[in-house]
Amino acid sequence: MTTTTTRTATVPGLAGEILAGYGDRVTLHDLYDEAGASVYHDLAAVDTTEIRELLRSARAVPGPVLELAAGSGRLTLPLLALGREVTALELKESMVALLRERLTEAPAGIGRRCTVVRGDMSAFDLGGTYAVVVLGTTSVSLLDAEGRAGLYASVRSHLMPGGRFLLSTVDLTGGGPDDLDVEAMGASGRRYRMIENWPAGHEVREVTILPPEREVPEDGPVLALTTSIRVLPPDDLTRELAGAGLRVVARHALPAASPRHTGVLLEAEAV
């Protein structure tokens, strides 16, 4: 994603107004591309949301684990700590590189139990089956309806008999302002300004990450990262899964991720 004034004008709400004020100094990238990978990893490293609940559910089903949209390893390393064989599938080369780097730095033996595969979670064929398939960090919301249909079909064909598909999503908790403006700190100690634009009734929330105002240089480039996240309430997701031959057998509340939504972990099995 390249830098242009026209491109920054497409960023909605408060974030768009702020970026417009920086003019052509803005370099705008997707959160998951090469420029955004280190920021994503920095923020993900301090986010423990859903990890405990996912590990509890995975621990109950012995056998190999397939993690989809593995990113830089936020869930991969905890899953490996269970003593399992883990296959980590990730589409973005920048994330694959970060994950492989982390595995080489992991305690002896852990990295050797992980197979990293570059692939698309909406269509994959790994030639094997797994006791547990994990899709965390509400990553299912990155796919459109066609992509989710492909995901469900691929997951179903990779589940062992009695296996579980664990995936997280969000549930709405009420209204609020269109823009939520917060500051977050990454594992490095670096601070980020995160603005979520989510007008009432919209099925997509837009997240923009940029430097805190006090840290924006007076001249020179200003890095901004964006991503679009669909809102997939658990009831809707449960119906989609059922239509794809995956029955939800358990539903777990996750710690609140925002004043406007909470997390939900779904456990599904093939029928």
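I51, L54, L55, L75, P78, L79 and V134 line the largest cavity of this structure, which is a predicted model. Residue numbers start from 1 along the chain as its sequence is written.

**The enclosed cavity**

- How many cavities of 30 Å³ or more does the structure hold? There is 1, and the volume of the largest cavity is about 30 Å³.
- Its lining is made up of 7 nonpolar residues, with no polar and no charged ones.
- Two helices, α4 (51-59) and α5 (76-80), each contribute at least two residues to the lining of this largest cavity.
- The largest share comes from α4, which supplies 3 residues.

**The second largest pocket**

- Turning to open spaces, the second largest pocket has a volume of about 480 Å³.
- It is lined by 23 residues, and those closest to its centre are Y32, A69, E90, M121 and L142.
- Sorted by class, the lining of this pocket contains 10 nonpolar, 7 polar and 6 charged residues.
- Two of the residues closest to the centre come up again below: Y32 and A69.

**Strands and their partners**

- On one side of the pairing list, β5 is joined to strand β2 (residues 65-67) by 3 bridges, and the two strands run parallel. Here L66 stands opposite V133 in β5.
- Strand β5 is also joined to strand β6 (residues 159-172), through 5 bridges and again with the strands running parallel. In this pairing, L135 has L167 of β6 opposite it.
- Strand β10 (residues 222-230) pairs with strand β1 (residues 26-30) in the parallel sense, over 5 bridges. To find this pairing, look for L28, whose bridge partner in β10 is A224.
- In which sense do strand β9 (residues 204-210) and β10 pair, parallel or antiparallel? They pair in the antiparallel sense, over 6 bridges. R205 stands opposite I229 of β10.

**Aromatic rings**

- Searching the whole structure turns up 1 aromatic pair. It is formed by Y32 and Y40: their ring centres are 5.3 Å apart and their planes meet at 55°, so the pair is tilted.
- Y40 has 14% relative accessibility, so it counts as buried, because the buried class takes in values under 20%.

**Two residues with positive phi**

- E50 has a positive phi of about 75°, although it is not a glycine. You will find E50 in the loop between α3 (37-44) and α4.
- Is E50 buried or exposed? With a relative accessible area of 3%, E50 is buried.
- A69 is another non-glycine residue with a positive phi, of about 50°. Its place is the loop between β2 and α5.
- At 23% relative accessibility, A69 counts as partly exposed, because that class lies between the limits of 20% and 50%.

**Distances between residues**

- L241 belongs to helix α8 (residues 234-243) and counts as buried, at 0% relative accessibility.
- How far apart are L241 and R148 in space? Their C-alpha atoms are 9.3 Å apart, while 93 residues separate them in sequence.
- V46 lies in the loop between α3 and α4, and with a relative accessible area of 43% V46 is partly exposed.
- V46 and R118 are 72 residues apart in sequence, and their C-alpha atoms are 24 Å apart in space.

Key:
Predicted model: local features only at pLDDT ≥ 70, side-chain atom pairs only at ≥ 80, totals over all residues. Heavy atoms only, no water. Phe/Tyr/Trp six-rings, centres within 6.5 Å; stacked < 30°, edge-to-face > 60°. Buried < 20%, exposed > 50% of the residue type's maximum accessible area, 1.4 Å probe, protein only. 1 Å grid on protein atoms, 1.4 Å probe; cavity = no way out; pocket = protein on both sides within 12 Å on 5 of 7 lines; lining within 4 Å. Points joined across faces, edges and corners; volume = space filled by probe spheres on them. Nonpolar A, V, L, I, M, F, W, Y, C, P; charged D, E, K, R; others polar. Pairing = 2+ DSSP bridges. Helix = DSSP H or I, 4+ residues; strand = E, 2+ residues; numbered from the N terminus.
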